[in-house]
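Hi,

Here is the structure I promised to pass on. Please open it first, then read my notes below.

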Amino acid sequence: RLSALGDVIHSLPALSALRSLYPNAEIDWLVEPLSAPVLQGHPDITRLHQIPRKEWKLRLRRPTQWWCLFSEIAKHVAKLRRRRYNVVIDFQGNMRSAIALFLAGGRYRVSCHRRDAREFLATLVPCRRVAKTPHRVNKVEKNLLVARQLGFEGDRPPGVMTLRPAASKWAERYLKSLPERGPVVVIHPVVSRFGAIKQWPVAHFRSLIERLRGLHARVVITWGPGEKEIADSIHPAHVLDEAIDLKRLGALIREADLVVVADTGALPMAALLGTPTVGLFGPKDAKIYAPPGPLEVITSPAPCSPCQLRRCEHSICMALITPSRVYDAAVRMLQRHGKLSSDLCSCQP
């Protein structure tokens with residue numbers, strides 16, 4: 001599974017299933033650098049291979065670099081081939097993962113059913129295909145079908161994300177430095193440019209934070225590279241001073257009492273780490289994309305939601321998710337998990 005972050009995390013329960021099925025196997029993972037941090041140090045992974053696809057794509061536009069580029073790609077392929085894999089599994093089902101599946105070699109190749117492939121060219125690589133997934137099956141369950149095809153029969157494993165001790169200590173220190181006495185609420189307001197259609201309006205985030213003040217909540221707004229301007233436009237007083245890597249983001253989420261996030265990579269991360277979460281779903285089908293875990297899903301009342309669009313002129317589905325609905329869900333989750341004392345409940349606006 002090369003990308004994206006959320007989809008890589010959706011695959012981790014299947015990794016745990018494979019490990020339980022083959023306790024003595026060497027299991028390698030091929031991934032792009034952006035999502036690699038969530039896999040580094042994972043107890044079920046023997047070797048992590050990183051493919052800098054985006055960098056290669058940029059260099060491909062410069063003919064003067066072609067020789068060096070192709071030599072570098074050949075070295076990566078040779079490195080994979082030297083592992084002499086018995087089984088190579090494609091959890092992604094698109095053209096670039098199918099190419100990786102083919103180049104890695106291996107005695108057996110396993111991929112999704114042809115009708116579940118995301119691109120036609122991915123169906124041309126000869127391999128063993130798992131059964132077609134049922135209609136609207138959850139992403140985590142879809143990935144588990146591969147492990148079940150290979151013989152796994154147990155219940156869905158929870159999955160694992162390993163956090164560095166240094167990242168955990170940083171998160172503890174940071175949260176202890178915050179004023180107020182209420183619950184810690186992490187808000188991750190930004191989605192990827194590719195998934196901009198899933199962005200909840202900035203004004204809605206502002207309104208939510210104003211409501212959370214009634215709980216004396218310690219609000220933390222997280223952000224990544226190139227996202228600070230959006231974070232500052234919501235409420236600069238609650239914004240982290242610097243961008244943090246995925247390990248620190250995971251540590252902060254694990255220490256939080258609640259996470260509020262749209263359908264982006266931080267959502268399955270929070271669910272995997274067991275933190276109570278409110279997830280906002282507009283264009284995407286929550287039945288397919290909402291991860292298992294302590295999660296309350298807020299869906300849009302828009303008649304066109306969910307849809308299959310990647311771009312939308314109005315994105316009304318996200319705008320119709322009101323701050324009051326999200327706030328009420330936040331209070332329910334905090335109460336349900338014992339994160340909200342009775343004296344703070346009485347302060348609700």
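**Core**

Met269 touches Ile9, Val38, Met161, Leu246, Leu249, Gly250 and Ile253, leaving aside residues up to four places away in sequence. Please keep in mind that this is a predicted model.

Met269 belongs to the largest nonpolar core, which has 87 residues. Along with Ile187, Leu212, Leu252, Ile253, Val278 and Leu280, Met269 touches the most other members. Which helix gives this core its largest share? That is α14 (residues 323–336), with 7 residues. There is also a second, separate core of 16 residues. Leu2, Leu30, Trp56 and Cys112 are among them.

**The sheet**

Next, the strands. An open sheet of 5 strands runs in the order β7-β6-β8-β9-β10, and the pairing is parallel. Its edge strands are β7 (218–221) and β10 (295–299), each of which pairs on one side only. From one strand to the next, the twist averages 20°.

Look at the β9 and β10 pair. Strand β9 (residues 277–281) is joined to β10 by 5 bridges, and the two run parallel. Leu280 stands opposite Ile298 in β10. Leu280 is also one of the core residues that touch the most other members.

**Helix α6**

Now turn to α6, residues 139–149. Its buried residues are Lys139, Val140, Asn143, Leu144, Val146 and Ala147. An α-helix has 3.6 residues a turn, so residues three or four places apart point the same way.

What does that buried set pack against? The partners are α1 (5–10), α2 (12–21), β3 (87–89), β4 (108–111) and α12 (286–289).

Asn138 caps the N-terminal end, with a side-chain oxygen 2.9 Å from the backbone nitrogen of Val140. After the helix comes Gly151, which has a positive phi near 125°.

**Two residues by α1 and α2**

Ser11 sits in the loop between α1 and α2. Is Ser11 buried or exposed? Its relative accessibility is 0%, so Ser11 counts as buried. The Ser11 side chain reaches the backbone oxygen of Asp7 at 3.0 Å. Ser11 also touches Arg1, Trp29, Phe91 and Asn143, again leaving aside residues up to four places away in sequence. Of these, Asn143 is one of the buried residues of α6.

Leu21 lies in helix α2. With 24% relative accessibility, Leu21 counts as partly exposed, because buried means under 20%. Leu21 and Ala147 are 126 residues apart in sequence, yet 8.1 Å apart in space, C-alpha to C-alpha. Leu21 touches Ala147, Leu150, Gly151 and Phe152, not counting residues up to four places away in sequence. Ala147 is among the buried residues of α6, and Gly151 is the residue with positive phi that follows α6.

**Backbone points to look at**

Cis peptide bonds:

- A cis bond joins Ser3 and Ala4, with omega about -10°. Ala4 is in the segment before α1.
- The bond from Ser305 to Pro306 is cis as well, with omega near 0°. Pro306 lies in the loop between β10 and α13 (316–319).

- Arg136 has a phi of about 60°. Arg136 is found in the loop between β5 (128–129) and α6. Arg136 is partly exposed, at 35% relative accessible area.
- His216 has a phi of about 55°. His216 is in the loop between α8 and β7. His216 is partly exposed, at 25% relative accessible area.

Best wishes

How values were computed:
Residues numbered from 1 in each chain as written. Predicted model: local features only at pLDDT ≥ 70, side-chain atom pairs only at ≥ 80, totals over all residues. Heavy atoms only, no water. Buried < 20%, exposed > 50% of the residue type's maximum accessible area, 1.4 Å probe, protein only. Helix = DSSP H or I, 4+ residues; strand = E, 2+ residues; numbered from the N terminus. Contact = heavy atoms within 4.5 Å. Polar contact = N/O pair within 3.5 Å; in protein donor to acceptor, adjacent residues only side chain to side chain. Pairing = 2+ DSSP bridges. Axes fitted to C-alpha atoms, helices over the stretch in contact; angles between N-to-C directions. Core = buried A, V, L, I, M, F, W, Y, C linked by side-chain atoms within 4.5 Å.
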